[in-house]
Amino acid sequence: MRSPRRRLTAGLLLAPLLSGCFSTTGADSSSDSGPSGSGGGRLRVALAFPPTENYSPYGQDAVALSRLGVAEGLTRLDANGTAVPALAESWSSERGGRSWLFTLREARFQDGTEVTPGAVAAALTHAAEAEPAPAALSGVKLTARAVGDDRVEVATAEADPVLPLRLTNPNLAVFSPKAYGKDGRVSPVGTATGPFELTEVTGDTTAALNRFDDYWGGRAQASGIDARFVSDGTARANALRTGDVDIAEAIPVAQVASLEKATVHPNNTARNTSLFLNTRTGVFRDAGLRAAVREAIDTSTVAKGVFEGYAGPAQGLFGPALTWAAGKRTEPTGRAKAASPKGRSITIATYSDRPELPETAQVLQQQLEKAGFKVKLEVRTYARLETDLLARKFDAAVASRNMMLDTGDPVTVLAGDFTCDGSYNLAFLCDRNVDRLVAAAGAESDPGRRQDAAMKAEAAILGTDAVIPLVHLKVVTGIGTSVKGAVLDPYEREFVGTGTRR
């Protein structure tokens with residue numbers, strides 16, 4: 001048994017990257033759990049994106065586990081872009097930033113076992129060895145080992161000044177030893193540490209969660225969650241309007257007017273909608289044709305015509321929700337001269353889970369056909385599109401991406417999305433200059449200089465025309481008037497908290 005430990009404030013809080021604080025509906029913060037004997041009804045929620053990988057924590061499904069309050073890691077990200085305590089209550093860097101020592105709080109897994117340094121180290125080791133590598137570990141070689149009764153050392157091959165931020169990623173959540181199968185699969189059912197325990201899964205359509213009464217942060221006020229995965233945005237809005245669900249994520253802007261005003265909650269986020277051009281195969285290996293696409297697109301038409309005021313024309317990869325970005329932005333240089341499309345045929349893929357994306361693709365189709373391209377659209381749900389998207393089956397893709405989702409660090413998302421070894425590189429960009437600038441940014445430990453370097457890398461990426469940012473988004477969440485304490489997270493990692501109830 002470990003000896004009792006003091007509750008400590010985190011030893012290092014990285015400088016804010018995003019202004020503001022988490023927004024909640026009602027008077028109660030999501031961190032308030034109420035009296036120990038309190039209990040509320042079950043919450044009914046509709047999420048937009050069905051699980052595609054059997055709830056594996058190493059892919060996109062990890063976000064659902066985080067948003068439903070199932071899983072958590074050593075640290076979490078607050079709305080200021082700061083790493084704050086979760087399973088770790090304090091930390092400090094050693095060996096010039098090549099290792100970090102995390103002191104664990106007293107906590108239990110949902111299977112009743114204790115959260116120990118050995119269990120945490122094993123969980124992080126499994127994540128580091130996963131194939132493909134989780135987005136948060138793109139280009140990072142991570143090791144972990146237990147140190148004494150209550151500490152874990154996490155080391156990287158090279159100094160990593162943002163490791164506490166990196167560990168906030170839902171892909172690096174900690175599960176009990178029984179979660180890890182011999183076949184490499186991870187079962188999050190009853191093995192995580194969050195306030196809600198995943199108890200029943202029905203394919204990719206529904207999930208049932210019960211309150212985990214031994215949660216270290218206090219009992220949740222809701223007794224459980226009944227989650228439905230509804231790809232169709234109109235159906236999500238209808239479910240909220242008829243009272244079938246209490247909270248619905250990603251309400252389409254076209255449905256906002258049909259909802260009771262008090263149930264509509266827009267929130268500024270770091271999310272962009274962008275057009276990614278396949279630089280590896282097909283038409284857009286030609287930089288001149290990529291430039292032709294850039295010149296043909298009118299982003300203001302997309303912002304006004306499709307998003308109806310819930311988005312603004314994109315200024316770059318890092319939008320106005322990131323208040324530090326505007327003053328640091330530099331103009332792209334070295335762009336190719338636009339070439340004539342000459343009737344070249346291209347296929348643009350997108351997904352219907354966010355209804356604005358097919359509409360955006362249609363607007364782009366009109367603009368690009370006017371410029372001389374022949375354009376075919378491929379629209380599927382994300383679950384049916386992802387494999388072909390990552391296999392370079394399309395010439396271009398319209399996708400929505402929260403630029404701070406992976407770590408809250410601008411450099412990490414650039415490494416994952418735009419470098420040769422990036423794990424979510426939808427443009428398949430492999431540019432030596434981009435890789436050099438991203439690596440240089442990653443070596444900066446001072447937050448301000450790191451941001452400066454990230455913006456230089458952004459300019460280089462935009463200079464390739466591999467990605468054309470279209471709009472910066474507000475996300476609309478539908479919340480029933482009886483619900484209190486719902487979380488509006490600009491990073492889109494949290495959806496319900498211990499104080500969410502009806």
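**Contacts, burial and ring pairs, with cut-offs**

Modeller: A polar contact of 2.8 Å joins the side chains of S400 and R271. This is a predicted model: local features need pLDDT of at least 70, side-chain atom pairs count only at pLDDT 80 or more, and totals for chains, interfaces and linings use all residues. Residues are numbered from 1 along each chain as its sequence is written, and side-chain values use heavy atoms, with hydrogens and water left out.

Colleague: What makes the link between S400 and R271 a polar contact?

Modeller: The term needs a pair of N or O atoms within 3.5 Å. Within protein, one atom must be able to donate a hydrogen and the other to accept it, and residues adjacent in sequence count only if both atoms are side-chain atoms. The side chains of S400 and R271 are joined at 2.8 Å, so the pair meets the 3.5 Å limit.

Colleague: Where does S400 sit, and why is S400 called buried or exposed?

Modeller: S400 is in strand β17 (residues 396–402). Strands are DSSP runs of E, at least two residues; helices are runs of H or I, at least four; both are numbered from the N terminus. Buried means under 20% relative accessible area, exposed over 50%, and partly exposed in between (1.4 Å probe, protein chains only). S400 has 9%, so S400 is buried.

Colleague: Which residues does S400 touch?

Modeller: Contact means heavy atoms within 4.5 Å. Not counting residues up to four places away in sequence, S400 touches R271, N272, T273, Y351, R354, L357 and L473.

Colleague: What kind of ring pair do F49 and Y351 form?

Modeller: Rings of Phe, Tyr and Trp (its six-membered ring) pair if their centres lie within 6.5 Å. Planes under 30 degrees apart count as stacked, over 60 as edge-to-face, and the rest as tilted. F49 and Y351 are 6.2 Å centre to centre, with 70° between the planes, so they are an edge-to-face pair. The structure has nine aromatic pairs.

Colleague: How many residues separate F49 and Y351?

Modeller: They are 302 residues apart. F49 is in the loop between β2 (43–47) and α1 (61–67), and Y351 is in strand β15 (residues 345–351). F49, at 25% relative accessibility, counts as partly exposed. Y351, at 3%, is buried. Ring pairs link F49, Y351 and Y382 into a cluster.

Colleague: And why are W91 and F102 classed as they are?

Modeller: Their ring centres are 6.0 Å apart and their planes at 35°, so the pair is tilted. W91 is in strand β5 (residues 88–94) and F102 in strand β6 (residues 99–104), so the pair ties together parts eleven residues apart in sequence. Both W91 and F102 are buried.

Colleague: How do α11 and α12 run relative to each other?

Modeller: Axes are lines fitted to C-alpha atoms, for helices over the stretch in contact, and angles run from 0 to 180 degrees between N-to-C directions. Under 35 degrees counts as roughly parallel, over 145 as roughly antiparallel, 65 to 115 as roughly perpendicular, and the rest as oblique. Helix α11 (residues 432–442) and helix α12 (residues 447–463) have axes that come within 8 Å and cross at roughly 170°. They are therefore roughly antiparallel.

Colleague: Which residues make the contact?

Modeller: On α11 they include L437, V438 and A441; on α12, A453, A457 and I461 are among them. By class, the contact has nine nonpolar, two polar and two charged residues. Ala, Val, Leu, Ile, Met, Phe, Trp, Tyr, Cys and Pro count as nonpolar, Asp, Glu, Lys and Arg as charged, and the others, Gly among them, as polar.

Colleague: Which residues does a cis peptide bond join?

Modeller: E131 and P132, with omega about -5°. P132 is in the loop between α2 (117–129) and β7 (142–147).
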